[in-house]
Amino acid sequence: MSKIISNLPNKRSCGYDGISNMLIKKIAPSLITPLCIAINKSIESGEVPDNLKIAQIVPVYKSKDSQVFTNYRPISLLLNISKILENVIHKRIYKFSHDRERSFSSQYGFRNHRSTNHAISEFLSNVLTDFDEKKYTLAIFLDLSKAFDTIDHQILLNKLEHYGIRGFALIWIKSYLSGRKQFVEFKGVKSTFQQVTCGVPQGSVLGPLLFIIYMNDLACTLQSCSGILFADDTTIHKSDKSLPILFHHMNADLERVTQWFRANKLSLNTSKTHYVLFHNSIMDVPEFDYKIKMAGVEIERVNQAVFLGLTLDSNLHWGPYIKTIESKLSSALYDLRRVSNMLPKDSLKTLYYSLVYSKLQYSIMHWGNKSTYAYKIDRLIKQQNKAICIINKNKSTSLVDPLYAASKVLKFHDVVKLEMLKLMYDYNNSSLPEPLMNIFKDNKTIHNYNTRHANDPHLKTYHYKIASESFLHRAPYLWSKLGHDIVTSKSKSSFVKKIKKSILAGY
């Protein structure tokens, strides 16, 4: 219990009771014993107190006309005490489902040691491999309408029971979901209480886990295609050399997906759902009149799609995404310059990591390699150089290596290298999600020779530049060049420190 309380975020926000996390942490020594008794009583009885099931909805203005209510984002504030109770239940349900391997292997949302970068890596590994085999990849990016808010409670309870959550645990969850209320507070005025009859509580600890359990069997409807899920972001893809076969299999599976949506009372936003036909730039795409349909509605074909924040075009050329990053970095540099004369170097460095590095690092091992868009990457490198000069209060960008070394900041291509090596460290320690563990193969599985590199990832040969310069080849190649003392690091943090030290020593 003390660990759960200490891990609460240091926020002053609170629900309708006015009790913040900061207050809970201050009175924790006096609170732990009675709280443990209350939580145990709740679990034993299978009941959740009604006053812990009240949500305060605060509309937060987004943009455009402030008089239009759709231009506000509803923020749900729950009681922080209820989140402590949810944490206890969450740990038990998560461990139960994880130990029994009930979860769909390609669900990356709200699961420990999984990230959007893992989901992107799985998808791109499939597309790049198919590029090399001269296959088309048809991917449809589904957009669900208010999925978290429309979960049917009885269907959810039936699924939980199917996965083995029964007895008092199921009774407790039923109590947790039922009898929930919410009210809106805006400019000091409170609405009356309204009953919440569906959906999982937004802003809760337990809600996201219940949601991915609800979505878990969606993948079972796919017979020919594969799916990648990140919470409610759903991508279905299929590869083949034949376009007729490709479209036939996709439409057949999408019909089953449509039936699943109906059975689970979820709605698809067809106006925001679209598909991309990925193909190697050297491949010809013949004219075709094949169509993709869902629920009788034709799905639009587009040349670009945003997948978990990453803009993908049909040839994986990265130009559109790099342009987006360039624009974001320009704004970040402007902000850095404005405060450069007011803040010390350490504070500017912190701002660099917040405003610049965070934009560069995201999925950089996928889009930051040497490619036909190297000239656009050079623009990002120049922007990074300017940022380092601002941090060091240096006006010249001619000699930046000493500035990087002094600031202990990695240059662009070394960030790419570090991210790839972090992936390989996880692979070497078997801590990647199952689909990513299958991307690479060790040399010992390829041949029976007892060499010193038998346990290293096999360097697969690719025919085309786009695959050979991707993380599929570059990551294991970089790993093979590391010394034994770095490869055998006892923790990932010490591994990263050694890599950074080695790189910075060369500046």
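**Terms and values**

Biologist: Why is lysine 64 called exposed?

Modeller: Lysine 64 has a relative accessible area of 71%. Exposed means over 50%, buried under 20%, and partly exposed in between (1.4 Å probe, protein chains only). Lysine 64 is therefore classed as exposed. The model is predicted: local features need pLDDT of at least 70, side-chain atom pairs count only at pLDDT 80 or more, and totals for chains, interfaces and linings use all residues. Residues are numbered from 1 along each chain as its sequence is written, and side-chain values use heavy atoms, leaving out hydrogens and water.

Biologist: Where is lysine 64 found?

Modeller: Lysine 64 is found in the loop between β1 (54-61) and β2 (72-77). Strands are DSSP runs (E, at least two residues), numbered from the N terminus.

Biologist: What makes β9 and β12 a pair?

Modeller: Two strands pair if DSSP finds at least two bridges between them. Strand β9 (residues 274-278) and β12 have 2 bridges, in the parallel sense, so they count as paired. Histidine 274 stands opposite glutamate 300 in β12.

Biologist: How is β3 paired with β9?

Modeller: Strand β3 (residues 136-142) pairs with β9 in the antiparallel sense over 5 bridges, and leucine 138 faces leucine 277 in β9.

Biologist: Which strands are the edge strands of the open sheet?

Modeller: The order of its 5 strands is β7-β8-β3-β9-β12, with mixed pairing. The edge strands are β7 (226-230) and β12 (300-301), because each pairs on one side only.

Biologist: What makes β9 mostly covered?

Modeller: In β9, 4 of its 5 residues are buried.
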